[in-house]
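Good morning, and thank you for coming. I would like to take you through a few features of one structure, so please have it open as I speak.

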Amino acid sequence: MDLSALFGCLATSTKTILAESLLHGYKFDSINTVYYMAPFATLILGIPAMLLEGNGIIEWLNTHQSVGSSLFIIFASGVLAFCLNFSIFYVIHSTTAVTFNVAGNLKVAVAVLVSWLIFRNPISGMNAVGCAITLIGCTFYGYVRHLLSQQPPGTPRTPRTPRNRVELLPLVNNEKLDDKV
C-alpha cells in the first residue's frame with residue numbers, strides 16, 4: 001500500500017510539473033494544456049481500465065434500463081473531469097506546480113483534522129504526526145514564499161542554473177583550480 005501511495009504521489013507531481021512546463025515554458029493557456037494532455041491521460045487511464053475492469057464495463061452498461069442513461073452518466077463525468085482539469089491548469093498557470101502540490105497536501109491534512117474534530121473519526125498516532133508535519137511544512141513554505149515576494153524587483157527568486165564549467169566550481173582560493181579553468 002505504501003508503494004502505491006508513493007507511485008500515485010510521483011505520478012501526480014509529474015503531471016503537474018509537465019503542466020507547468022506547458023503553461024509557463026511554452027506559454028500555453030489552460031484550454032490548450034487540457035487539449036494536449038487529454039490524449040495522454042486517456043492512454044494512461046484507459047489501458048489499465050480495460051485490463052483491470054475487463055467485462056465489468058459491459059456488465060455496468062447492461063445494468064441500466066436504457067443506453068441513454070449510461071451515456072449521460074459517462075458524458076456528465078467527462079464534463080466534470082474537463083472542468084476539474086481546466087481549474088487545475090488555471091491554478092498552476094496562476095501559481096506554480098509546487099504551490100499546487102503543497103495546497104493539495106494541505107487540503108488532505110485539513111480534511112483529516114476536520115473529520116477528527118467534527119465527526120470524531122479516530123486517527124492513529126502516525127496520521128497525527130503526518131498531519132502535523134504537513135501543516136508545519138505548508139506554513140514554512142508559505143512563509144518562504146512571503147519572504148521571496150518581499151524582495152525588491154530584479155532580485156533572483158531561485159538559484160540560477162550554472163551556464164558554464166567555471167560557475168560549477170566552488171568559490172575557494174585554490175591555486176590548483178586556476179589551471180583547470
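Predicted model: local features only at pLDDT ≥ 70, side-chain atom pairs only at ≥ 80, totals over all residues.

Let me begin with what the database record says. In an unreviewed UniProt entry, the annotation "transmembrane region" is given to residues 35-58, 70-92, 98-119 and 126-144. How does the model present residues 98-119, as helix or as strand? This span is 100% helix and 0% strand, and its end C-alpha atoms are 31 Å apart. Residues 126-144 are likewise 100% helix and 0% strand, with 27 Å between the end C-alpha atoms.

Next, the surface. A nonpolar patch is formed there by I57, W60, L61, V67, L71, F72, I73 and I74, and together these residues have about 740 Å² of accessible area. Which elements give two or more residues to this patch? They are α3, residues 56-62, and α4, residues 67-94. The largest contribution comes from α4, which supplies 5 residues.

W60 is located in helix α3. Its relative accessible area is 34%, and W60 is therefore classed as partly exposed, since that class lies between the limits of 20% and 50%.

Finally, let us turn to A111, which belongs to helix α5, residues 97-119. Along the chain, A111 and C131 are 20 residues apart, and their C-alpha atoms are separated by 9.8 Å.

Technical notes
Residues numbered from 1 in each chain as written. Heavy atoms only, no water. Helix = DSSP H or I, 4+ residues; strand = E, 2+ residues; numbered from the N terminus. Patch = residues over 30% accessible without salt bridge, like charges linked within 9 Å, V, L, I, M, F, W, Y side chains within 5 Å. Areas by Shrake-Rupley, 256 points an atom, 1.4 Å probe, with all protein chains shown as cover. Salt bridge = Lys/Arg side-chain N within 4 Å of Asp/Glu carboxyl O. Buried < 20%, exposed > 50% of the residue type's maximum accessible area, 1.4 Å probe, protein only. UniProt positions renumbered as here; feature names shortened; annotations may be inferred.
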